[in-house]
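Subject: A structure for you to look at

Hi there,

Here is the structure I promised to pass on to you. Have a look at it first, and then read my notes below with it open beside you.

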Amino acid sequence: MKYFVKIDGARFVSYEGMTQEAIIAMLIEQNLTHEFVSESIYQETLEYQAESTMP
Amino acid sequence: MSSISAGTTSTTGLVATSDTTGSLLLKTGASATTAVTIDTSQAVTLTGTITPSQTAGIVGTTTNNNVNAGSVGEVISSSVAVGSAVSLTTATTAVSGKTITSISLTAGDWDVFGIVGINNTSTTNFTSSAGGISTTNDTLNSLYEETIRFAYGAAGLVPNNVFSFAIPTTRVSIASTTTYYLIGYASFSASTATAFGRITARRIR
C-alpha cells in the first residue's frame, strides 16, 4: 500500500509498506505536520514543481 | 516404514496429535518432540532447519504483489522527488546534514539502501557533498565507512545541474521499531542547494 503525504504544508513524500498509523507516529515524533493526499494530487503537484525546479 | 494413528506412537517414534487449540502436531524421535505444528489458520511452524532441494530451491512470487508485513521479502520505502526537495544549509560540521525522508522499521533483520540527489542553481559552488542512512534526524552517520562523501577541492565545483549518488546496502538488525533517516549533506557557497531521494528497506531475515 502506498501513501502520499504533504509535509509541513509544502513538501510531498511517498511511503510504501508502512501503515498509516506508523507514518503518522513517525512524523509526529519529528514534529512534522502532515496531510494525506491522493496519488493524483501528488503526481500533479510534483510535475508542476519539477518543471519550475530543474535547472 | 510404519503407519501412525492419531495420538498414538509408531514403532519409529512418530506421532500425529492435536493440542487444545486445535493445532495439528507431528512429533518425532524417541521422546516424541514436536517437529511440525499446523495451526487452525494453516500457519506451519517447524522446529528444525529447512533444507530444500539444492536445485529446486524456494519458489518466489510469480507476479507483481507484495509479501505480508513481517515476512521475509517485506519492502518499506519512502521517496522525495526533485520537485519536493528539502532545502540544505551549508554544513557546519562533518555530520551536520539534513533529513530528506525517513522510514519506520519493525524489529528484524533488514537491508537498507537508497539514493541521494542534490539540486542546485547555476552558481552554487560545492566544496563537498555527502549522503547516508542514519538513526539520528538531520545527522550523517559519523562512521565514514558507512557514508558516501565527495570533496571538490578548495576552489569548489559548480555542477550547474542535478547530481545524485547511490547509498550502498547497510545491514540493520533491530529488536524494536526504529526510524531510519535518509540524510543529504553539502558544503557550499553562493546560491542554494536542495536534496531529494529514496530510502528502501527489505526484510532479509
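Let's start with Ser23(B), which is found in the loop between strand S1 (15-18) and strand S2 (24-28) of chain B. Strands here are DSSP runs of E with at least two residues, numbered from the N terminus.

Before going on, a word on the source: this is a predicted model, in which local features need pLDDT of at least 70 and side-chain atom pairs count only at pLDDT 80 or more, while totals for chains, interfaces and linings use all residues. Residues are numbered from 1 along each chain as its sequence is written, chains are lettered from A and ligands numbered from 1 in the order in which they are written, and side-chain values use heavy atoms, with hydrogens and water left out.

Back to Ser23(B): at 5% relative accessibility it counts as buried (under 20% relative accessible area; exposed is over 50% and partly exposed in between, with a 1.4 Å probe and protein chains only). Leaving aside neighbours within four places in sequence, Ser23(B) is in contact (heavy atoms within 4.5 Å) with Thr17(B), Ser18(B), Thr37(B), Ile38(B), Asp39(B) and Thr40(B).

Now for the charged pairs. Side chains of opposite charge can pair when their charged atoms come close. How many salt bridges are there over all chains? The count comes to 3, where a salt bridge is a side-chain nitrogen of Lys or Arg within 4 Å of a carboxyl oxygen of Asp or Glu.

One of them joins Arg203(B) and Glu74(B), at 2.9 Å from N to O. Arg203(B) lies in strand S13 (residues 193-203) and Glu74(B) in the loop between strand S4 (44-46) and strand S5 (75-80), so the pair ties together parts of chain B that are 129 residues apart in sequence. Arg203(B) is buried, at 7% relative accessible area, and Glu74(B) is buried too, at 5%.

Next, look at Asp109(B), which is buried at 6% relative accessibility. Its side chain meets that of Arg171(B) in a salt bridge of 2.7 Å, N to O. Asp109(B) sits in strand S8 (residues 108-120) and Arg171(B) in strand S11 (residues 163-174), 62 residues apart. Arg171(B) is exposed, with a relative accessible area of 55%.

Arg205(B) also forms a salt bridge with Asp109(B), with the closest N and O atoms 2.9 Å apart. Through shared partners, Asp109(B), Arg171(B) and Arg205(B) are joined into one network. Arg205(B) is exposed, at 62%.

Enjoy exploring!

Methods. Helices (H or I, at least four residues) and strands (E, at least two) are DSSP runs, numbered from the N terminus.
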